[in-house]
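Please read the following briefing alongside the sequence and the structure, which are shown next.

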Amino acid sequence: MANRNQYESGRDLLSPNKNFAPITSQIDDQGSLMVGECNLNCLAERYGTPLYVLDEVTIRIACQAYREALKKYYPGPSLALYASKANSSLAISCLVASEGLGLDAVSEGELLTAFKGGVASENIVLHGNNKSDQELLLAYHNGVTIVIDNQNDIDRLAEIIPSESPPAKLMLRFTPGIECHTHEYIRTGHLDSKFGFDPDQLESVLVQLKAAKWASLNGLHAHIGSQIFELKPHDDLTEVMVEALALARRIGHPVEDLNVGGGLGIRYKETDDPPSIQDWVKVIASGVKEACQSRNLRLPRLLCEPGRSLVANAGLTLYRLGARKEIPGIRTYISVDGGMSDNPRPITYQSCYSACLVSRPFAPPQEKITIAGKHCESGDILLKDIDFPSSSTGDVLAVFGTGAYNASMGSNYNRIPRPAAVIVNKGHADLVQRRERPEDLLQYDVIPDRLIALG
Ligand code: LLP
């Protein structure tokens, strides 16, 4: 259970990733939790549950934090790109574009969402370790930068870009030999990763691309992992990347963009203490600046690709408490009306979250309980063995930090429709994703005539 400071006075107002609750969280006169000046019980009533709630102010503050820190700590040009795999929607694309961010997409679907959401294509990069010809052509024809991940990308582009057409804008991804686990990292010569070229191949690929008329290599990319709390791996990354920049320029590529990926961790639990956005950017910016100065290199444009730290803490999910099962001496389960289909992170990564009752966020704990999802899977547990106040069926539960890698990784397991999502600000709540209906899930099913005949 959270302490009051987490919702009100103890917040870091400049770096949303340091608070598990959205920046605008407040307690109203009745003692209930509000976000974006909206009463969460009213939202649950109006839109139903489970419900994803996104706080506009928190997303904007996170965007501004990246933008301003880049401006403050990096003397050259810079751009933060939103890693849209964290949560891809028209509304979020529109919002990040309005904050001057670019966007990282990894599929045709994410590309279309970004285009329709109003992100300028020159500010979009396309990633992926197995891009289809269709994805490559969509990116190429729209002037999106394609991140070359492997030899297959090179071979496909060489074949599909018509001769005499303008060259494709490219960035080259390599594995920098820095491996991050959440709280530790190792440096190795080679990495067991499906993404990017091995550092040993870098020189020959750069030479190969120099001879390709269809290719215009303008950037280098590396990404070392996600939910990282240490700053040292990113500091080391800048050194490795600037070395690669020097090599690419020596070979004759006019490389101007250095993209260090994303990875900054966020607070999910009270005990988590990630670095601020400002501290992360400072390390990256100083690292690149110093590594360039010591080699007498022209400063590149500095790009980064945050996902989680831009949107996770802006989001929370509302559920209603349902069935209760007490197994004396073992465990008490309280089930909610969602679970692994709207938040697959606990079952996938054993991720921990923080939660509270919307009506009584500071009610003292009375018992240890486990919040279970409603799916037909024993592992569908959202929060295990948490201290919880007394509660009743129908109470609304808020689970924090669900703005990233929840909706985007959701499923229809057990044919459960995806929740609605609303964005809140200054007392207004607007729908950004409509709730699916069970009948929507049937729309792509087909019964072959042959089977109907058998019936
Ligand atoms: N750039 C690239 C190339 C990436 O692969 C990723 C994340 C990012 C940027 C953004 O990283 P972030 O700032 O969000 O850490 N599903 C996992 C996370 C997977 C991250 C995949 N790549 C989870 O729920 O924890």
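Burial comes first: F20 counts as buried, because its relative accessibility is 1% and buried means under 20% relative accessible area (1.4 Å probe, protein chains only). This is a predicted model, in which local features need pLDDT of at least 70 and side-chain atom pairs count only at pLDDT 80 or more, while totals for chains, interfaces and linings use all residues. Residues are numbered from 1 along each chain as its sequence is written, and side-chain values use heavy atoms, with hydrogens and water left out.

**Aromatic pairs**
- Rings of Phe, Tyr and Trp (its six-membered ring) pair if their centres lie within 6.5 Å, with planes under 30 degrees apart counting as stacked, over 60 as edge-to-face and the rest as tilted; the count comes to 3 aromatic pairs.
- The F20 and F400 pair is tilted, because the ring centres are 5.4 Å apart and the planes stand at 50 degrees.
- F20 lies in the segment before β1 (26-27) and F400 in strand β20 (residues 396-400), so this pair ties together parts 380 residues apart in sequence, strands being DSSP runs (E, at least two residues) numbered from the N terminus.
- F400 is likewise buried, at 1% relative accessibility.

**Ligand surroundings**
- The ligand is surrounded by 19 residues, the closest being S226, E305, R345, Y349 and Y405, where a residue counts if one of its heavy atoms lies within 4 Å.
- An oxygen atom of the ligand lies 2.9 Å from a polar backbone atom of G263.
- A nitrogen atom of the ligand is 3.5 Å from a side-chain N or O atom of D104.

Key:
Helices (H or I, at least four residues) and strands (E, at least two) are DSSP runs, numbered from the N terminus. Buried means under 20% relative accessible area, exposed over 50%, partly exposed in between (1.4 Å probe, protein chains only). A polar contact is a pair of N or O atoms within 3.5 Å; within protein, one must be able to donate a hydrogen and the other to accept it, and residues adjacent in sequence count only if both atoms are side-chain atoms.
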